[in-house]
Amino acid sequence: MLDSLHPLVLVIAAILIGLAGLVWSADRFVAGAASLAKSFGVAPLIIGLTIVSFGTSAPEIMVAISASLKGTGALGVGNAIGSNIANIGLVLGVTTLVAAIPVQNHILRHEIPVLLGVTLVSGYFLLDATLTFTEGLILAGCLVPAILYLVKVKQRELSVTEIAEEEEIQEMPRSRAILWFVIGLSLLMVSSELLVWGSKSAAEMAGVSPLIIGLTVVAVGTSLPELAASMMSAVRGHHDIALGNIVGSNMFNLMAVMSVPGIIATTAMEPQVFSRDYLAMLGLTVLLALLVAKTLWLNRTTGNAKLGAVTGIILLCSYVAYYALLFTTP
């Protein structure tokens, strides 16, 4: 009996240690890279839209690379889709229950349209439940124009003070920043290898596909940095940046994470990846856009638009409904 438990205990330990390592190392990697960039005179807005946004998706990116190199690219795709679903349904849902989140017009006018556009493109590629090299390359290629567009509109619409408030960057000596950058990146690679091994083994033991593990265990685990950041922002009264962080993270998940499995090797998945998982992600993204638009419209005269507890309940119920669908699908 004890001998039969050993493999399971080992797999669970690998998943938990891998997730914990990814969360911690991603935070150190971002802090080091952002502080290093700032010491070289890079503008906070550029750092926020590149290094910080990339950093919050770093766990997903490393998992996608590791999984694809091991022939389980479906785990990486599931991770990207599942993380986007978790970010909106779980992270944003829980955060709005802790504190009302202010909504700014530029989110609806600029960030959300970019997210919807990339979501539709990725959906077209997933119609045949296959992601090819060309499709992955197109998704990754969307990164540069999307970042350039957002930099341009934010520079035009936000003041220097507002930009500084949106992009809080920790300052540290350059040598320390380099140290944390190297440590963070190294542990990201080690942790992702451990997590992918544990997840692949768990899928084999449970008799389910790597896609399902990516959509559930790995997706929730790699969304922990966003949940932690949003919760801490809400507790400290800086919850006004939570919505922008979620939208930005979801953009990066589709362009920088989902693209990886296709670029490394053509990735085939079960048909439900479009009819169940992608449509759930699209539905939650559209729901978020509608809730933001409704909130801004109802508060257009006061200028005090906030996503509150009702929004949180709607998002959390949608998230639970998706899991119910996931586990009742044959």
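This is a predicted model: local features need pLDDT of at least 70, side-chain atom pairs count only at pLDDT 80 or more; totals for chains, interfaces and linings use all residues.
A salt bridge is a side-chain nitrogen of Lys or Arg within 4 Å of a carboxyl oxygen of Asp or Glu. Side chains of opposite charge can pair when their charged atoms come close.

One of the two salt bridges joins Lys 70 to Glu 193. The closest N and O atoms of Lys 70 and Glu 193 are 2.5 Å apart. Lys 70 has a relative accessible area of 34%, so it is partly exposed. Glu 193 is also partly exposed, because its relative accessible area is 36%.

The other salt bridge is formed by the side chains of Arg 276 and Asp 277. Here the N to O distance is 2.6 Å. Arg 276 is buried, and Asp 277 is buried too.

The overall fold comes next. The protein has 15 helices and four strands. It contains 330 residues, and 52% of them count as buried. The accessible surface comes to about 14200 Å². Carbon and sulfur atoms hold 71% of that surface. Contacts can also be sorted by separation along the chain. Among contacts with a separation of 6 or more, 88% are between residues 24 or more positions apart.

Not counting residues up to four places away in sequence, Ser 191 touches Gly 18, Gly 21 and Leu 22. Leu 185 also has its place in H9. At 29% relative accessibility, Leu 185 is partly exposed. The C-alpha atom of Leu 185 is separated from that of Ala 58 by 9.2 Å. Along the chain, Leu 185 and Ala 58 are 127 residues apart. Val 182 is another residue of H9. Val 182 is partly exposed, with a relative accessibility of 44%. Its C-alpha atom is 9.1 Å from that of Ala 33. Val 182 and Ala 33 are 149 residues apart along the chain.

A nonpolar patch is found on the surface. Its members are Leu 8, Ile 12, Leu 16 and Met 205. Together these residues have about 370 Å² of accessible area. Helix H1 (residues 2-39) gives the most to the patch, with three residues. Leu 8 lies in helix H1. Leu 8 has a relative accessibility of 39%, so it counts as partly exposed.

Two helices, H10 and H15, cross. Helix H10 covers residues 210-222, and helix H15 covers residues 309-328. Their axes come within 11 Å. The crossing angle is roughly 145°, and the crossing is left-handed. On the H10 side, the residues that meet H15 are Ile 212, Leu 215, Thr 216 and Val 220. Their partners in H15 are Tyr 319, Tyr 322, Tyr 323, Leu 326 and Phe 327.

Helix H14 (residues 272-298) includes Thr 285. The relative accessible area of Thr 285 is 4%, which means that it is buried. Leaving aside neighbours within four places in sequence, Thr 285 is in contact with Ile 88, Leu 115, Leu 116 and Thr 119.

Ala 129 has a positive phi of about 60°, although it is not a glycine. Ala 129 lies in the loop between helix H5 (105-126) and strand S2 (130-131). With a relative accessible area of 6%, Ala 129 is buried.

Notes:
Residues are numbered from 1 along each chain as its sequence is written. Side-chain values use heavy atoms; hydrogens and water are left out. Patches are made of residues with over 30% relative accessible area and no salt bridge: like charges are joined within 9 Å, nonpolar side chains (Val, Leu, Ile, Met, Phe, Trp, Tyr) within 5 Å. Accessible areas come from the Shrake-Rupley method with a 1.4 Å probe; for residues, only the protein chains shown count as cover. Buried means under 20% relative accessible area, exposed over 50%, partly exposed in between (1.4 Å probe, protein chains only). Axes are lines fitted to C-alpha atoms, for helices over the stretch in contact, and angles run from 0 to 180 degrees between N-to-C directions. A crossing is left-handed if the near helix is turned anticlockwise from the far one by less than a right angle, and right-handed if clockwise. Contact means heavy atoms within 4.5 Å.
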